Amino acid sequence: MAVKTTPRANIPSAHKAGISVKAGGSLGSKARASRSFYQYKRVYFAAAAAVVVLAVFDWIPKSFPTKDEVFAPFSFFTLLPMAVQVVGLTLLFAVAAFLATSGRPFLLFAWNCFIRPFLHAKKANGVDSEEHQARLEQFYESQADIYDVTRRRLLRGRSTMLKLCAAQLAQFYPLRQSVSSDSEGEVMAPLSPRYPRGANRRFAWIDIGGGTGENIERMNQFFPISNFDKVYLVDITPSLCEVARKRFERLGWDNVTVLCMDATKFTVPEEDGSDIEIALITLSYSLSMMESFYGLVDSLTNILCPTGIIGVADFYVSPKRSADPTRQLSWIMRWFWSIWFDLDNIYLHPSRREYLEYRFNTIKALNGKNHFIRPIVQIPYYVWLGAQKNIVLPVEDIDQERLETESNASNQEGSSEDGEVMAVEGIVSFKHVHGSGQKWRQPFDTKLIPRFNTYIYCFAWEDPRTDLEFLDLTPDDRMMVITSGGCNALEYACKVGPARIHCVDLNPCQNNMLELKLAGISSMAYNDFWKLFGQGHIPGFNHLLDTHFSPFLSPNAYHFWKQNANFSNLFETGCSGLAVRVFKFVVAARGLKKEVRALCEAKDLETQWRVWQNDLRPHILSRWLIALLNNDHFLWGALGVPPAQMQMLLEEGSAQKYIENTLDPVMKHSLLRTDNYYYYSCLMCCYNQQNAPSYLKEEYFNVLQTEPRRLDAIKIHTGTIVEVLKRDIPDEDLTRVILMDHLDWFSEEDAEAEIMAVAQKLKKGGRAYWRSAGKYPWYNTLFEKAGFRVYPCQIREGETMFIDRVNMYASFWAGEKK
């Protein structure tokens, strides 16, 4: 008897606002939004002055001899309506009042930057230290007192750089004085590191080109200055150093020393002792101002201690062809800003940043644009963090139990170079001691980044409860899964804890989502983690990326989330968020909000079915929805369903019938309020704590936090499954492979290549699992050809129309390697 199969169509394969903290100030936009009525006194003064001027002008008799002569140039103004005259004069006087008070520093700034330099008869043009100092002092001496006020909008990224440095430092140097709590008291401080090594060490910070010392005062909010044994501000400009000295005298910080000198000649003063280690070096908009930078960068590699951090914020231009697509600039931006800043002796050649990256390992990188004057002026800047290369910690600095655990793990992985590094260092699983952000994410080709600007799913849409019924997972299993939203990998980790979970996805953004969840588990208290991933939003997410998440995010994931931090609800993001937003629009337009809430709050299946059948089903399963589901662009862009898979679905019947067979059984057999968080989250844009993935329940969240081996087992790979299997996984290493539904997308040639690669990496007796839009997918025969015994786990037909809580696939299959 011929094997029944669902044929393959002849279609080609498919594939709240951030908190900006200023030193000595308040919390950015939140503070501005709460200004008192009195704070707009300049406007009131200007309006009063305008009324007085108009009243005096009107009071002067027309017969006054010189009235016509004096006011003749302004005769056009008298023809305007009185209201326009008042508004015009109010604006004029308000601008004048601003320039005479708060605007005065900006006038001085413009004078010193754009006019005064051209008035000097003699300029210092040498390249040695003395000439360089004379040139800078000539520029800054008359604006030192206004430097901080006039640079806050121009020099972006400084607070971000300091927060990142503080977060990384706290992983190795425990705080002797804690950081003040979140501004609104809503978010707990980051979790303390599990393996601190600097508790009994003396450590220092060097701020090179620190100018007036504002950065050091800012840092006190993120990593209190009293935690440092010494802080050295090194700057070559005497006038700025004098401002810094007065600042620190006012603050009473006797552990801060201001040194007016060439940074290349810096050494730790003998009186501070030889046992002090330089844990932090920062360069805030100073690297681009140095005439010669190679010697300086070389000297920093000798000064920075093995567990230290170097942080840089500065202007930049990209090379003509950058290997990193996130930093690529257009030709006009490269040319314009290079020439513009060169006039002020600021050098933006890419070699400065590239040499930093050559001498140090990159920990974090952010490429941004300062919208100085919207929408015209966009100044490119970057924030970068690095650490020493090829550093091996002494054995006495390593927790012995953790060393043994990770050595065993590395031996199981094989004899790769990375495995040896992990065994020696014992603290991180990458090539430098601040590599926690790289312990999950494996290196990948950055050319993939421009292909994907977002993820499809922020939460997975395959039911792991059903998976676990058939997987027979044990702690000894070694798995490969498709990343998707990362929920299923975390489900396996918290319920079973396999020895290895390889998460693979071609879309880097999907892996960024899993990284964010892993970083949240590693750094946040449960209540805060629930706000973000359970309720969809946490206040100040942009700020928390720097203070909490950053030590555990890879550079690419950190950059992605900084660029996409301003969402109002996580459930409405990504391509699937488009489908959620379309549904919300339809519900609002048809006045169905009460019915949707009634469906989600139904206390029993009978009530749920009645609400669905009578109130919602006629609207949801309407002609417009079926028409939308027949649109290839919407299917792929919002639901992640490529044309080939849709064609398999249609081979089983019409699109309407498929949707009915999906939703009706769910409403009859799975209570949304307590048992089905998939459809509940789509309808309510949140979970509830009784109905959520396991990793979002406090019991299992605590398991993941207290048993680090469960998260350490996860490795995130970016690429195709075939590439990852061939490159990163030894033969016969895996015991379970979960392919989800993506084989539906493939051509026969691509599917066969992947199935053969899976067979090569599976142990004898290992199993592969897949779902399909077809009841009997055409590629089952390819598994049999590759040496698998193929059998169905579930098929949606006959009396079994409800197979899991998602119920979106027609079948669930398994294959055991013979």
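## Basis of the description

The model is predicted, so local features are considered only at a pLDDT of at least 70 and side-chain atom pairs only at pLDDT 80 or more, whereas totals for chains, interfaces and linings use all residues. Residues are numbered from 1 along each chain as its sequence is written, and side-chain values use heavy atoms, with hydrogens and water left out.

Seven strands form an open sheet of mixed pairing, in the order 3-2-1-4-5-7-6; strands (E, at least two residues) and helices (H or I, at least four) are DSSP runs numbered from the N terminus, and two strands pair if DSSP finds at least two bridges between them. At the edges lie strand 3 (256-260) and strand 6 (361-373), each of which pairs on one side only. Neighbouring strands of this sheet are turned against each other by 15° on average, direction ignored, where axes are lines fitted to C-alpha atoms, for helices over the stretch in contact, and angles run from 0 to 180 degrees between N-to-C directions.

Strand 1 (residues 203-208) runs parallel to strand 4 (residues 277-284), to which six bridges join it, and Ile 208 stands opposite Leu 283 in strand 4. Helix 9 (residues 158-169) packs on the sheet and touches strand 1, strand 4, strand 5 (304-315), strand 6 and strand 7 (377-387), contact meaning heavy atoms within 4.5 Å; the direction of helix 9 makes about 165° with that of strand 4.

Strand 1 is also parallel to strand 2, through five bridges, and Ile 206 has Tyr 232 of strand 2 as its bridge partner. Strand 2 (residues 230-235) is largely enclosed by the rest of the structure, because six of its six residues are buried (buried is under 20% relative accessible area, exposed over 50% and partly exposed in between, with a 1.4 Å probe and protein chains only). Lys 230, Tyr 232 and Val 234 point one way from strand 2, while Val 231, Leu 233 and Asp 235 point the other way.

## Two helix pairs

Helix 24 (residues 593-600) and helix 25 (residues 605-620) pack with their axes 9 Å apart, at an angle of about 160°, and are therefore roughly antiparallel (over 145 degrees; under 35 counts as roughly parallel, 65 to 115 as roughly perpendicular and the rest as oblique). Glu 595, Val 596, Ala 598 and Leu 599 of helix 24 make the contact with Gln 608, Val 611, Trp 612, Asp 615 and Leu 616 of helix 25. These residues divide into six nonpolar, one polar and two charged, with Ala, Val, Leu, Ile, Met, Phe, Trp, Tyr, Cys and Pro counted as nonpolar, Asp, Glu, Lys and Arg as charged, and the others, Gly among them, as polar.

The axes of helix 19 (residues 508-523) and helix 22 (residues 555-563) come within 9 Å and cross at roughly 95°, so the two helices are roughly perpendicular. Among the residues making this contact are Cys 509 and Met 513 of helix 19 and Phe 560 and Trp 561 of helix 22; by class, the contact has six nonpolar, two polar and one charged residues.

## Two partly exposed residues

Pro 475 is found in the loop between helix 17 (464-471) and strand 8 (478-482), and is partly exposed, with a relative accessible area of 45%. Its C-alpha is 5.3 Å from that of Gly 497, although the two are 22 residues apart in sequence. Not counting residues up to four places away in sequence, Pro 475 touches Val 496, Gly 497, Pro 498 and Ala 499.

Gly 765, in strand 12 (residues 762-772), counts as partly exposed at 30% relative accessibility.
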